[in-house]
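Dear colleague,

I am passing on the structure below, and I would be glad if you could look through it alongside the notes that follow. They begin with a single residue and then widen to the fold around it.

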Amino acid sequence: MSDTTRLKSTIYVGGLESAVTEKLLADAFLPFGEIVDVTLPKPDLPSSRDPHRGFGYVEFEATGDAKEAIDNMDQSEFFGRVIKVAAAKPQKDSNEGLGSKTAVWETEGWIAKHGGVSEDDRFAAQQGQHANAPEDPMASLDSDVAGPRLQ
């Protein structure tokens, strides 16, 4: 199964009670189709006593089964909590976006997009080359007296 097909057949289930296990989650979504995998991510901190982070992923064999589960289980009650069921999104690269340890201008994509001279700057430079002498913006200020004008 390709990564895009696998992603389309995976759903996100959020708002889970801490008592929910992978088996209970699989049993709840089994009526919608063949389940390939159920994952409940563990907490990041080793000192945490929670069995999971309050969300999980259910991967179905078929994409249609995942859509059916989303349509039927989103905003339903599971173990006394209203759960959020949606299509899973791809995991972000830790080197991109908020929280990354690399400056945005050090990434290749940003340099390719913003590194060169813009069309407006290039046009302004060409216009400046065609003029004989640049106009001095301070020239008109020589005859003015600072302060209010006397009548």
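In which helix is the place of L24? L24 sits in helix α2, where helices (H or I, at least four residues) and strands (E, at least two) are DSSP runs numbered from the N terminus. Please keep in mind that this is a predicted model, in which local features need pLDDT of at least 70 and side-chain atom pairs count only at pLDDT 80 or more, while totals for chains, interfaces and linings use all residues. Residues are numbered from 1 along each chain as its sequence is written, and side-chain values use heavy atoms, with hydrogens and water left out.

**L24 and its surroundings**

L24 counts as partly exposed because its relative accessibility is 31%; buried means under 20% relative accessible area, exposed over 50%, and partly exposed in between (1.4 Å probe, protein chains only). Leaving aside its neighbours within four places in sequence, L24 is in contact with A19, F78 and F79, contact meaning heavy atoms within 4.5 Å. L24 and V38 are 14 residues apart in sequence, and their C-alpha atoms are 9.9 Å apart in space.

**The chain as a whole**

The protein chain holds five helices and six strands, which follow the pattern α-β-α-β-β-α-β-β-β-α-α when read along the sequence. Of its 151 residues, 23% count as buried, and the accessible surface comes to about 11,800 Å², of which 52% belongs to carbon and sulfur atoms; these areas come from the Shrake-Rupley method with a 1.4 Å probe, and for residues only the protein chains shown count as cover. Among the contacts with a separation of 6 or more, 62% are accounted for by residues 24 or more positions apart.

**The sheet**

Four strands form an open sheet in the order β2-β3-β1-β6, with antiparallel pairing, two strands being taken as paired if DSSP finds at least two bridges between them. The edge strands are β2 and β6, each of which pairs on one side only, and the twist averages 20 degrees from one strand to the next. Angles run from 0 to 180 degrees between N-to-C directions, with axes fitted as lines to C-alpha atoms, for helices over the stretch in contact.

Taking the pairs in turn, β2 and β3 are joined by four bridges, and I35 stands opposite F60 in β3. β1 and β3 pair over five bridges, with E59 in β3 as the bridge partner of T10, whereas four bridges join β1 to β6, where A87 is the partner of I11. β3 is mostly covered, since five of its six residues are buried.

**The helices against the sheet**

α2 lies across β1, β2, β3 and β6, running at about 140 degrees to β2. Its buried residues include L25, A26, A28 and F29. They cover an arc of only 160 degrees around the axis, which puts them on the same side of α2; the arc is that of the directions from the helix axis to the C-beta atoms. Their cover includes β1, β2, β3, α3, β4 (77–78) and β6 (84–87).

α3 lies across β1, β3 and β6, running at about 150 degrees to β6. Its buried residues are A66, A69, I70 and M73. Because these cover an arc of only 100 degrees around the axis, they fall on the same side of α3, while K67 and D71 are exposed on the other side. The cover over the buried residues of α3 includes α1 (3–8), β1, α2, β3 and β6. α3 is followed by Q75, whose phi is positive, near 65 degrees.

**The nonpolar core**

The largest nonpolar core has 21 residues, of which I11, V13, L25, F29, V58 and F60 touch the most other members; such a core is a set of buried Ala, Val, Leu, Ile, Met, Phe, Trp, Tyr and Cys residues joined through side-chain atoms within 4.5 Å. At least two residues of this core are supplied by each of β1 (10–14), α2 (22–29), β2 (35–39), β3 (55–60) and α3 (63–73). L25, not counting residues up to four places away in sequence, touches V13, L16, V20, V38, L40, V58 and F78.

With best regards
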